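Biologist: Hi! Could you walk me through this one?

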Amino acid sequence: MKVLGGPASQLLGSRVAREIGCALAVVEFKKFPDGELYLRIAEELDGDTLIVQSTTTNDDIIYLLQLIDAASDGYLRAVIPYFGYARQDKRFKLGEPISARALARTINVDEAYVVNIHDPASLDHFQLRSGKKAANLSAAGLVGTYLKSMGLSSPLLIAPDEGATALVRDVAHAMGCEFDVLVKKRVTSEHVEIQPKTVDVDERDLVIVDDMISTGGTMAEAIRLLRGQGARQVHVACIHPVLSLNARLRLYGAGVDSIIATDTIEKAESSITVAPLIKQGAGL
Ligand code: R5P
């Protein structure tokens with residue numbers, strides 16, 4: 001088997017290849033002057049291929065489709081660690097597409113894996129050529145193990161909204177610590193309100209955990225609230241560090257101590273690799 005690290009997942013693809021002990025194929029790619037994308041697998045494949053490519057941007061989606069087509073002759077597994085558009089998983093307003101479904105239906109492979117997809121119900125939209133079901137791998141255990149190694153004082157995990165509860169519960173379980181849940185109301189795509197809630201944070205180190213940080217609006221509100229209640233340290237952790245626009249400035253401006261994330265999206269904050277999870281989850 002060969003691993004194809006897509007343009008968006010070069011580090012993680014390399015780590016997965018090393019983790020499972022197989023060759024990493026070199027992929028060449030470029031953008032034409034008109035904006036169209038070109039990609040070429042620069043060596044022969046031996047029939048069994050694992051693609052690793054997150055779809056954070058629209059270009060990443062095109063590259064993924066090109067990789068799938070270029071490698072489609074043999075048995076094909078696709079790992080899409082961050083599956084973009086997963087938050088548009090229903091029609092919130094009349095006339096909207098279910099973007100998660102539209103994209104899932106384009107993934108023409110034998111096995112597909114995602115990591116902490118926004119809502120696992122989206123897995124039902126994949127129509128894999130083997131008839132198998134797409135799988136959601138959870139990095140909660142890896143995040144919990146990493147947070148445990150930080151030596152935090154009387155740690156408490158915080159879910160910034162009810163949607164993050166299951167993830168935070170799993171991270172807390174791996175860490176062996178308590179957690180609490182805040183209640184969030186989204187005002188615009190960049191601004192949220194978090195309902196005031198008194199959390200016992202005295203002399204405690206907090207980690208606010210969510211599936212993703214996009215604009216940082218959710219985390220910034222939660223950081224301010226908890227800082228105001230006297231927490232000793234406030235860190236944020238997420239699976240997917242989208243970190244769009246001025247997210248970092250918003251987080252540090254709100255008083256965060258550090259940002260911790262996995263390499264489903266490759267950013268400076270990606271200190272936890274999900275490569276072992278992919279090896280185990282895909283049974284390789
Ligand atoms: C929303 O349901 C997600 O779980 C995240 O809470 C959200 O996407 C974070 O977005 P932002 O960083 O823009 O507040």
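Modeller: Happy to! Helices here are DSSP runs (H or I, at least four residues), numbered from the N terminus, and their axes are lines fitted to C-alpha atoms over the stretch in contact, with angles from 0 to 180 degrees between N-to-C directions. This is a predicted model, where local features need pLDDT of at least 70, side-chain atom pairs count only at pLDDT 80 or more, and totals for chains, interfaces and linings use all residues. Residues are numbered from 1 along each chain as its sequence is written, and side-chain values use heavy atoms, with hydrogens and water left out.

Biologist: Great. At what angle do H4 and H5 pack?

Modeller: About 50°, with the axes of H4 (residues 140–148) and H5 (residues 165–175) 7 Å apart.

Biologist: Which residues of H4 meet H5?

Modeller: Ala140, Gly141, Val143, Gly144, Leu147 and Lys148. Their partners in H5 include Leu167 and Met175, where contact means heavy atoms within 4.5 Å.

Biologist: New topic: what are the domains?

Modeller: The assignment, automatic or from a database, gives domain 1 (2–138 + 274–281) and domain 2 (140–263). Their centres, taken over C-alpha atoms, are 28 Å apart.

Biologist: How much area is buried between them?

Modeller: About 1100 Å², with carbon and sulfur atoms giving 57%. Buried area is the accessible area (1.4 Å probe) that two parts lose on being put together, summed over both. Tyr82, Asn116 and Val274 supply 42% of what domain 1 buries against domain 2, more than any other three residues.

Key. Helices (H or I, at least four residues) and strands (E, at least two) are DSSP runs, numbered from the N terminus.
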